[in-house]
Each structure stands twice: as structure tokens, then as C-alpha cells.
Amino acid sequence: MKTRSLTAALAAVLAASVASAASAEPVFNRIASFAVADNLPEGKDKATPTSAEIIAASEDGNTLVYSDSPNNAIGIIDITDARAPKAGGSVTFEGEPTSVAVASGKALVAVNTRESFVKPSGVLAQVDLVSKKIDATCDLGGQPDSIALNKDKTLAAIAIENERDEEVNDGDLPQMPAGDLVILSLKDGVVDCGSIKHVALTGLAEVAGEDPEPEFVSFNSQDEIALTLQENNHIVIIDGKTATVKTHFSAGTVSLEGVDTKKDGALKFTGDVKDVAREPDAVKWLDDERLVVANEGDWKGGARGFTIFGKDGKVLYENGTAFEREIAKIGHYPDKRNKKGVEPEGLEAAKFGDDNLFFVLAERASIVGVYKDTGAEPQLLQLLPSGIAPEGAVAIPGRNLFVTANEADLVEDGGARSHVMLYERAEGEATYPQIVSTEKDGELIGFGALSGLAPVKDKPGMIVAVNDSFYASQPTIFTIDATAKPAKIVDALRITRNGAAAQKLDSEGLTPDGEGGYWLANEGDADKLVSHAIIHVTEKGEIDKEIAIPAELRAHEKRFGFEGITSVGEGDDLTLWMAVQREWADDEKGFVKLVSYKPSSKEWGAVRYPLEKTESGWVGLSEITANGDYAYIIERDNLIGQAANLKKLYRVALADLKPAKLGGELPVVKKEEVRDLIPDLKATNGYVVDKVEGFAIDAAGNGFVVTDNDGVDDSSGETLFFGIGPINAM
């Protein structure tokens with residue numbers, strides 16, 4: 001096999017393919033990702049689940065501290081070189097850290113030490129970041145949640161949530177004992193436990209007023225504290241110096257239009273919800289008079305956006321569905337969370353240069369919205385890709401840095417680890433998103449789980465893609481304008497059977513039929529009554545042919561079947577070639593089939609394709625595309641992040657694709673490596689995704705690659721769509 005290195009020219013092509021329209025305005029781009037598992041103590045199993053939930057930075061901006069609740073620890077990261085974060089160790093506690101702040105080289109950590117829900121307890125621990133020793137602890141009298149410091153770091157406010165047990169009475173309120181707010185003094189990072197004051201919060205909210213659920217705190221420059229009572233749908237303003245309630249108000253309700261209301265395997269942003277409680281989670285002051293809250297809507301709501309209030313409770317701006325719809329346009333909408341949407345949860349606010357910015361973290365969409373505070377309607381500047389479930393964030397304006405802490409760790413399912421991700425603001429071009437959608441007939445085109453690509457005949461830069469069974473009720477062929485930056489989905493052809501959305505499809509590849517229609521590769525799954533098959537759809541998307549695999553294949557079938565389809569020849573000489581992802585029962589280990597079918601004669605055949613060997617995981621095929629004298633094939637492992645080591649493009653000479661009859665000895669083809677795709681997958685400085693699923697060569701001979709984001713289910717939702725330049729140059 002022949003290995004070809006990446007050239008500077010191709011790297012430039014890649015950079016151009018992922019960039020958005022040029023702008024002199026500064027933008028944020030991700031510059032590094034730190035896997036929290038890299039901070040586990042020496043000797044501890046690296047497969048231990050971890051988390052990065054709430055995060056803070058030292059005054060010099062060179063050190064990050066995050067809470068890791070599964071390990072009862074805080075983790076420390078050295079970001080002196082922000083593009084190369086280094087593990088700084090951890091500190092463990094006899095309890096669960098829920099939040100962290102930093103002052104004068106000390107980490108102030110809120111620790112939940114409760115015996116049970118009805119016997120809540122907690123402490124504030126003061127940790128020296130150099131010695132990593134716990135210097136002092138203060139009894140907080142209950143289970144803490146959020147902690148915040150005032151501007152000069154002389155006061156700390158801690159929300160004592162005393163959270164409800166979701167298994168009791170379906171999690172309904174009230175559940176005693178009631179929570180409150182703790183305020184204490186500190187100097188040079190040293191806490192004064194004797195200064196603790198408790199602020200009672202009962203009797204304020206109309207919703208379960210006897211059981212306030214304090215959630216998140218934030219100081220303005222006047223030492224006023226904004227505190228959210230999430231389940232109570234209430235906001236309280238407190239004088240931090242006197243520890244007295246100044247005012248309080250309901251967060252109210254909101255009605256939404258243009259939302260997807262059903263968890264049905266289809267993206268339809270045409271529904272309405274009426275008068276849902278906002279359920280405020282994170283809160284940040286924009287100035288001394290205005291505050292912004294993230295409307296998580298995770299309990300009974302579904303508010304999905306954010307709201308700017310005056311501190312008198314007046315609604316100054318309601319985001320409604322705008323944030324969520326922008327998220328849907330970049331393929332990050334979580335259909336399985338339809339009742340509650342993208343779940344805005346975390347917030348950060350800071351001034352970068354002349355711009356007052358705030359950042360909204362959508363936990364279920366794994367996206368951060370960057371907004372410019374204009375004093376009126378905020379301006380959405382960017383959507384930043386994050387790790388799975390961004391929970392906390394910290395801005396470091398002095399270094400033009402922004403950081404997210406992403407709590408989900410899917411190691412037990414072979415998925416992505418928890419990560420801390422760093423972004424830098426500088427003049428240039430945004431590298432994400434790489435693909436966006438538009439509207440058709442006035443309706444937003446939702447997309448995700450793109451599993452195969454093919455070219456549009458005689459139209460350079462135009463590509464079609466198909467989604468897989470994640471959207472079982474909305475199988476679709478998308479038309480992509482890859483000349484746009486980012487690439488743009490400009491049309492959606494729904495696949496139908498007898499006029500209704502086709503069921504029992506898992507389309508993993510497509511190829512044009514030359515007459516406006518398409519051949520689809522359908523991957524079977526016996527458990528779901530889905531058959532391995534070749535399917536033909538007309539130019540209107542209607543299925544008119546379904547070709548089942550022959551008995552010789554069916555006798556040995558397994559779950560991982562057709563993952564790509566391409567065509568060679570025309571008319572009576574047309575042959576369809578399908579790539580089988582993994583070995584079936586009659587395959588020698590390390591070999592898979594490339595299966596052929598000739599529609600004119602209904603003849604089936606196959607050759608054998610040799611797979612690469614890896615030390616862990618499995619290896620299989622994800623795509624096949626014929627162009628010129630070759631068939632191009634994506635071969636990959638099923639590993640993610642640091643474990644991933646095989647995501648490559650190979651080619652096989654068409655002259656070697658000489659199918660033999662099924663059931664007999666099959667010839668083995670020779671393959672040639674064309675490109676290692678891992679450097680491309682690292683271009684946006686996230687972790688390496690596992691599912692490189694689609695490849696096509698357009699009418700001008702340029703190659704394009706797409707990844708499958710699994711419909712944002714146990715996934716960061718990132719869809720990477722990028723060009724790799726002229727294929728004949730490789």
C-alpha cells in the first residue's frame with residue numbers, strides 16, 4: 001500500500017473549506033481540548049468516569065480549576081500555554097464538589113456532604129492551589145450548589161439548595177428542609193467562617209414558597225446578588241453587604257412558536273407551546289441594572305431560551321425560540337429531548353475589548369451561543385461547538401480566552417470523555433460550523449445523522465447527502481451547496497413510500513441513478529425488522545423499487561451491513577457496488593465484502609476487501625464512491641478521542657473490481673491509501689469523532705467528507721463537513 005502525506009497545499013484547501021465568510025471582526029475559535037481523564041491520579045484506572053462541571057480561573061488566567069463530582073474532587077489545569085493544556089493534578093474531598101471559585105491563589109469549593117436528602121449538609125473548603133492542601137472548611141448548614149464572589153473578592157455567596165429527591169412524589173415540591181443563601185467574608189482568598197450569614201428565602205415564591213430551591217448566584221458591582229430559585233420559577237435580589245432581600249419577582253412564563261414538540265424521529269419546527277414556566281438556572285448581571293437568565297426548562301417547563309430582566313423584574317428582552325432555531329440550523333438540535341429542547345443552563349458574561357459579551361450554554365445541544373450585549377436586543381455573533389453537555393464556563397478577557405467545562409463522560413459506553421475546551425478570540429474566520437441549513441417553503445430544514453454523500457451531476461460544488469435511521473420518521477436526501485462558506489443545505493427531498501414518510505429505512509449511502517432519482521444502500525437490523533436492501537427512489541423521493549439481498553447473503557447476514565453505495569457504468573452495463581461495514585458469518589476475520597448488483601440482469605457478486613488491524617475496537621467500511629478509474633473507500637475504527645487511530649480514505653482500481661459469484665471463493669482486491677483523515681478531524685481542535693461516514697467527489701473532481709453526529713444523542717452534535725481538494729492530485 002502507498003501512503004501519501006498531507007501537503008501544505010491540501011492543508012490550505014482544508015482550511016479554506018472549513019472557514020466562514022471573511023471578516024475583520026474578531027471571532028472565537030477552539031484552540032485546545034483537555035480530556036478530564038488525563039487529570040486522574042497516577043495509578044487510577046483511566047476508564048474511571050470523570051466530569052468537568054463548574055470551572056473557574058486564577059487571576060492571572062494561567063490556571064483552571066473545575067469540579068469533578070464523580071471523583072469527589074477538583075481538577076487543576078495549567079494553561080500557561082493555552083494551546084497545550086497540562087494536567088495540574090487534583091484534590092479530593094469527603095463529599096461532592098458542586099461549585100468552585102478562585103481568589104488570591106485559593107480555590108473556594110462548595111462541597112455537598114449530605115447524609116440524605118432530608119439530612120442535607122455541606123462545607124466550603126479553602127484549597128491552596130500551590131500546595132493542593134485544604135487550609136480550612138466552613139460548615140454551611142446545608143447542601144450547597146452555586147458559589148460566586150463579588151468584584152473585589154471580599155464576599156462569597158453560596159446557594160444552599162437542599163435539593164429535592166426526584167424519586168419522591170415524582171420530584172414535586174415541597175420537600176423539606178428549605179434551602180437558603182449563605183454570605184460570608186474573605187480576605188486574600190482566606191475565608192472567615194465566623195462571618196457566615198444566612199438569608200431566608202421562604203415565603204417569596206408563588207410556587208412552593210415554603211421550599212425555595214436556590215440554584216445560581218451572581219454579584220453585580222454594587223454587591224447586589226441575583227439568585228435564581230429554579231423549580232420555584234423565581235428570582236431574588238439580595239443586598240450582599242446587609243444580607244437582606246431587596247426585591248424578588250416571578251420569572252414568569254413564555255409562549256413559543258416554531259418548536260418541535262414531538263419525540264418522533266423527525267425534525268418539524270412547526271409546533272407551539274403555551275405559557276410554559278421559564279425555570280431560570282444560571283444568572284449573570286449584564287450591568288448593575290440588568291441580568292440575564294438561562295431558562296433551562298428541564299423540570300416542568302420547556303422555555304428553551306434566555307431572558308434579560310431589569311432588577312425590578314421587568315422583561316427587557318425575551319429570546320423565545322431564536323437561540324434554539326439557530327442551533328437547529330447547524331444540526332445540533334436534540335430530537336430525543338423534544339419536550340424540553342436544547343436546555344440552556346450555563347452562562348458567562350465578560351467584556352472583551354470594547355464588546356460586552358455573554359455566553360449561553362445549551363447543555364443538550366452541546367453548543368455555546370456568543371452574544372453581544374447591545375443594551376437592547378442582543379446580537380448573536382457565533383455558535384461554538386463544545387464537548388458533551390457544557391455545564392460551566394469561564395471567560396479570561398485578559399488573554400482573549402473563553403473556556404467550557406463539559407460534564408458528560410460516556411466512557412462506559414465507549415463514547416467521548418468529559419472535556420474542558422478552550423477558545424481564543426482573534427481576528428480571522430470562524431472554523432465552525434462547517435455546514436448550516438436554510439428554510440424550504442417557509443419551514444426550517446432540520447438535519448443531522450448524515451451518513452452518505454454523492455455528487456450532483458455536472459454541478460461543481462453541489463453534493464447530496466442522506467440521513468440514517470435516527471430520523472426514522474423523516475428519511476431525507478439533502479442538497480448541499482459546498483461552494484458556500486460554511487456549506488449550506490439548500491433543499492430537502494423527503495423519502496416516501498405510498499405518499500407517506502417511508503418507514504423501516506436505515507439509509508447509509510446513496511448514488512444518483514442518472515435520471516434524477518437515487519439508489520440507496522439500506523442497512524438492515526433484524527431486531528427492528530429492517531432489511532438489508534437496495535432501494536430506488538424517484539426524483540420526487542418516492543420509493544419504487546426495493547431489492548432484497550439474495551439468499552446467499554441472507555444466510556450469513558449480521559447487523560453491520562451496507563454502509564455505502566456507488567454506481568459504475570451506464571444503461572445495461574450499470575453495476576451498483578455496496579460496501580459491507582463489517583465481517584459477516586461467512587467472512588474470514590479481517591476481510592469484508594464489496595457486493596455488486598447489476599440491475600439489468602439482477603446478478604449479484606462480490607469481492608473481498610482486506611481491513612487494517614488495530615489493537616482495540618473494530619474496523620469497518622463507511623463509504624464507497626466510484627470516480628474515474630478508482631473506487632474510493634472510507635475505512636475506520638469505531639474509537640473516539642485519544643483512542644481513535646484509523647480514519648482513512650483508500651482506493652481500489654475499478655479494473656480490480658471483478659465480482660465472483662456469491663457462495664464461492666471471492667477474489668481479494670488491492671487497496672491504496674489516499675489520505676489519513678485524522679488530521680482533518682482535528683482541525684477544529686475538538687476530540688476525534690468516530691463516525692466518518694460520507695465521501696463524495698464533485699463534478700470538478702474535488703473530494704468532500706462528512707461525519708455522522710448521531711442525531712446529537714450521546715454525541716457533541718458536531719457535523720464536520722470539509723473538502724480535501726482535487727482527488728487527482730493525491
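Select asparagine 233 first, in the loop between strand 15 (224-229) and strand 16 (234-239); strands here are DSSP runs of E with at least two residues, numbered from the N terminus. Asparagine 233 has a positive phi of about 55° although it is not a glycine. With a relative accessibility of 8%, asparagine 233 is buried (buried is under 20% relative accessible area, exposed over 50%, partly exposed in between, with a 1.4 Å probe and protein chains only).

The model is predicted, and local features need pLDDT of at least 70, whereas side-chain atom pairs count only at pLDDT 80 or more and totals for chains, interfaces and linings use all residues. Residues are numbered from 1 along each chain as its sequence is written, and side-chain values use heavy atoms, leaving out hydrogens and water.

Next, select the loop between strand 11 and strand 12, where aspartate 170 lies. Aspartate 170, not a glycine, also shows a positive phi of about 55°, but is exposed at 75% relative accessible area. Proline 174 is found in this loop between strand 11 (155-160) and strand 12 (180-187), and a cis peptide bond with omega of about 5° joins leucine 173 to proline 174.

Then display the open, mixed sheet of five strands, ordered 31-37-36-35-34; two strands pair if DSSP finds at least two bridges between them. Its edges are strand 31 (435-437) and strand 34 (450-455), each pairing on one side only.

Within the sheet, strand 36 (476-481) and strand 37 (487-494) run antiparallel, joined by six bridges. Threonine 479 stands opposite aspartate 491 of strand 37. Finish at proline 486, in the loop between strand 36 and strand 37: a cis peptide bond joins lysine 485 to proline 486, with omega of about 0°.

Technical notes: Helix = DSSP H or I, 4+ residues; strand = E, 2+ residues; numbered from the N terminus.
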